[in-house]
Every structure is written in structure tokens, then in C-alpha cells.
Amino acid sequence: MAKDHIVTGLDVGTNTIKSLTARKKPDGWEILSYAQMPSFGLRRGAVVNVEETAKNIQLLMSGVEKDCGRKINSVYVNIGGSHLYAAPSDGLISVSRADHIISQEDIDRVLQATKAINIPLNEDILDVFPREFIIDDQKGIKQPLGLVGVRLETKVILLCYFQSYFTNLTQAVLNSKLQIDDVVPSPLAAANSVLTPQQKEIGVALIDIGAATTSLAVFEEGDLIHFAVFPLGSANITNDIAIGLKIEVAIAEDIKKQHGTCMIAANDNKKSEPRKKIEVFDASHSLSFTKKNLVDIIEPRVSEILDLMQKELKKINRQEMLPGGIVLTGGGAKLPKIKELAKQQLRLTCQIGVPKSIAGLEPDPVLATVAGLVLGADEFYGGGGGKMGFSFSFMKGWGSKFRRMFRVFIP
């Protein structure tokens, strides 16, 4: 990366929009600005109101520019929502050179061949993630360039999206007078900031619990091997509390943050603690409940989310078989005892994932995506992130294609 290159990540979420601007220096990253504001115009992680979202982005970025003392021209932006999904595919070509040495052109052609699958007309492919290459029936090859063979195959994961939601997101950013450097799925950006190369190598699952969606990204041997997004998140927990205690959603959110927990410890010496009354007062009324009341509301919903994750791991035969365990991130990962509940239910080691590699950034799982957007920019500027670091645009050249495309339509 060029000396003192400045990068901005823009995390457009259902509840909040976050922006992180940082300068890459020879000795690491320096934060120039972090800002966030409430988000409007999204539903279940997807932009449904372009004008409202664009207005909020523009308002946020005007404050960021004041903090930085400079104009922000372009951003790396995330894409979320349960419309994102993974589809396995494969490709097969004959090696083109007479000496049968595999060239980059051959690799590009076989990857392109994986896109020849039937998907709905209103959907498209965002990116291609190779799992392995096969040369003349020799499997398990990660880098075929320069090897010799007659036939080149590959097995990949295609990351697909609903075109309307993608268009809404990109148009909202462009309408806020910003260029787009790349569009990155939220959980993959989060993985960039919270997972280590070692975890991705031995096998790990990232569970990103956002406000309206929960995402699963599984890595093994350095590669993405599975991806899924579900329309359940921490906002569902808040809604459950509001219904269970018959209170307003805003009050339920405060109660979740101040008193919520996923489970009561079995070895709690204070036997009366779970049934101790908690009093909450506001301008209109008072409310009394116990910690056990909250656990009875919160635990079933969190267990439901974890059960969905378990079923996905079972689909790929990785249930209880990930040496790197589970890494929880996103706002939902801040719920007390969620790590213990996940470990108990999924029967895997579990930890909370917080951003790494950016000095001075708060170790908060909420910041995983926006931090990952910044960190992933390394690969574009020669920082050597590469596959093991899981920087953006796994398939070389796709990121630049998106940048050229977006800049054509800047208002």
C-alpha cells in the first residue's frame, strides 16, 4: 500500500451506519475518524429506501470530513441481508498452451466457467471463491499457476445476491456523492478483522449477529467453504422482551442492554439473585421483573439462532468438527453469557471476536465489519493481505471492475 494511503469503510446496517477512516502507515493503521448515526431506510439488512439511506450517509460523511479535515471521495461498503446466499459450483476447461503449462488466462477461464449455472433472472453473482483446483484428476491443489496438465477443474462457492437490493445499496452510496471502491458481504468483512490466518487454516465458523440478520461464514484450509444469512438478529430479542414485558421497544432495548443475559450460571452462589426484583422507571410508568423473567425470554430466541447455525454446520458435516471453534461477533455478541450458551449448544469452543490490527480502535464486536472493510483494502494497495488474510476481491480484477462500473454512474 502506498505510504499514508487513506481508506474509509462504510458499514450500512439496519440500526446504525458506521464510518471508519484510517491512514495506513509503515508501522500500522492510524485512525483519523470514527462516527456512527442511526440508520433509516433498511429492512432486514437490505436497503429499501434509497433516498433516506443516501441522506443519512451524506449527513454522516459530512461530519467525518470535518473530523478528518479532508474530502472523502470513496468508500469500501458492506452488503448485508438474507438475500445473500452461497451456491456450490464447478468448472472444467482444457489447458490452452501447447506445452500444457497452466497460465493465468486458464485460471480465469475455469473460474468464469463456474458461473454457468441456472440462477433466477433477478439474481446475480457477486464473487467467486475457489475451494480447490484439480489438474488431470489430481485434487487438492490451491495454486495451479505454472503447473502442467491437460485438464483444469475447479470447485468453488459462488456468492449470489438479489439485484434490486444490490442496486439500492450502491445507488444510495452514489447518491451521497461517494465513489465505491468495492462491495463486500458483511460477515466476510467482519472475518477480515476478527479471525486469524491460523483459525481459517484449521477450521473456524464466524457467527455475526446483527440487528436484523445473523450470518455464518465457515473457513477451512484458508478458504471460505460455507456461507449463509438468516433474517433473525438481536432486534428480534428486543421485540420479544417488548412483547413479554408489555413495554415499548425502546425501553425493551435499554433493558436488554442493562439487564439482559442468555443464561443463569448453575453455580451461582446467590440463589435468590435470579428472582430478585429489578425495578425500571420511566416518565409514564414503573416496571418490575426478575432476571429469570428475562432469561426465559432471551434464551429461547438465542437458542433458535444457534440452532439455525448448527443445522448449517451439519449440512457441511462440520458440526462439532471445527478445531478453531466458533467466533461470535456483531452487536448480538455483547449479550452476557452468549458465549457460554453457544459453547453448550454447539459443543465447540467459543470466543467473542473483536477487531484486531487497528491501534486505538475499541475492542468492540460491533465494530468488526467496519474495521474489516478498512483492513481488507490492504490487498488493493500491495499490502499483501492475500487469501490467508482474506482481503477483498478473491478473484483478482473483480474489485477494479466494480470500481469502474460505479464511477460511471456517479451523479
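How many aromatic pairs does the count come to? The count comes to two aromatic pairs, where rings of Phe, Tyr and Trp (its six-membered ring) pair if their centres lie within 6.5 Å. This is a predicted model, in which local features need pLDDT of at least 70 and side-chain atom pairs count only at pLDDT 80 or more, while totals for chains, interfaces and linings use all residues. Residues are numbered from 1 along each chain as its sequence is written, and side-chain values use heavy atoms, with hydrogens and water left out.

**Overall make-up**

- The chain has 12 helices and 18 strands; helices (H or I, at least four residues) and strands (E, at least two) are DSSP runs, numbered from the N terminus.
- Of the 411 residues of the chain, 54% count as buried; buried means under 20% relative accessible area, exposed over 50%, and partly exposed in between (1.4 Å probe, protein chains only).
- Contacts are heavy atoms within 4.5 Å; among those between residues at least 6 apart in sequence, 65% join residues at least 24 apart.

**The four-strand sheet**

- Strands of a sheet pair through backbone hydrogen bonds, either parallel or antiparallel; here two strands count as paired if DSSP finds at least two bridges between them.
- Four strands form an open sheet with antiparallel pairing, in the order E7-E10-E8-E9.
- Strand E7 (85-94) and strand E9 (138-141) stand at the edges with a single partner strand each, so one side of each has no neighbour in the sheet.
- From one strand to the next, the twist of this sheet averages 40 degrees; axes are lines fitted to C-alpha atoms, for helices over the stretch in contact, and angles run from 0 to 180 degrees between N-to-C directions.
- E7 pairs with strand E10 (residues 151-162) in the antiparallel sense over 10 bridges, and Ile 93 stands opposite Leu 152 in E10.
- Helix H3 (residues 163-175) packs on this sheet, where it touches strand E8 (123-135) and E10, and its direction makes about 70 degrees with that of E10.

**The five-strand sheet**

- A sheet of five strands, also open, has the order E14-E13-E12-E17-E18 and mixed pairing.
- Its edge strands are strand E14 (223-230) and strand E18 (350-352), each of which pairs on one side only.
- The twist of this sheet averages 20 degrees from one strand to the next.
- Strand E17 (residues 326-329) and E18 run parallel and are joined by three bridges; Ile 326 has Cys 350 in E18 as its bridge partner.
- Helix H9 (residues 338-346) packs on the sheet and touches E12, E17 and E18, with its direction at about 155 degrees to that of E18.
- Helix H8 lies across strand E12 (204-209), strand E13 (214-220), E14 and E17, and runs at about 35 degrees to E13.

**Salt bridges**

- The whole structure holds 21 salt bridges, each a side-chain nitrogen of Lys or Arg within 4 Å of a carboxyl oxygen of Asp or Glu.
- In H8 (residues 291-315), Arg 301 and Glu 304 are three residues apart, and so about one helical turn separates them; their side chains meet in a salt bridge of 2.9 Å, N to O.
- Arg 301 counts as buried at 18% relative accessibility, whereas Glu 304 is partly exposed at 35%.
- Salt bridges link Arg 23, Lys 25 and Glu 30 in a network; between Lys 25 and Glu 30 the closest N and O atoms are 3.7 Å apart.
- Lys 25 is partly exposed at 31%, and Glu 30 is partly exposed at 30%.
- Arg 151 meets Glu 153 in a salt bridge (3.5 Å, N to O), and Arg 151 counts as partly exposed at 31% relative accessibility.

**Rings**

- Phe 162 and Tyr 165 form an edge-to-face aromatic pair, 5.2 Å centre to centre with 65 degrees between the planes; planes under 30 degrees apart count as stacked, over 60 as edge-to-face and the rest as tilted.
- Both residues of this pair have values in the partly exposed range, with Phe 162 at 22% and Tyr 165 at 29%.

**Single residues**

- Thr 369 is placed in helix H10 (residues 368-375) and counts as buried at 7% relative accessibility.
- Not counting residues up to four places away in sequence, Thr 369 touches Asp 11, Asn 78, Ser 186, Ala 189, Ala 190 and Asp 208.
- Arg 43, in strand E4 (residues 42-43), counts as exposed at 56% relative accessibility.
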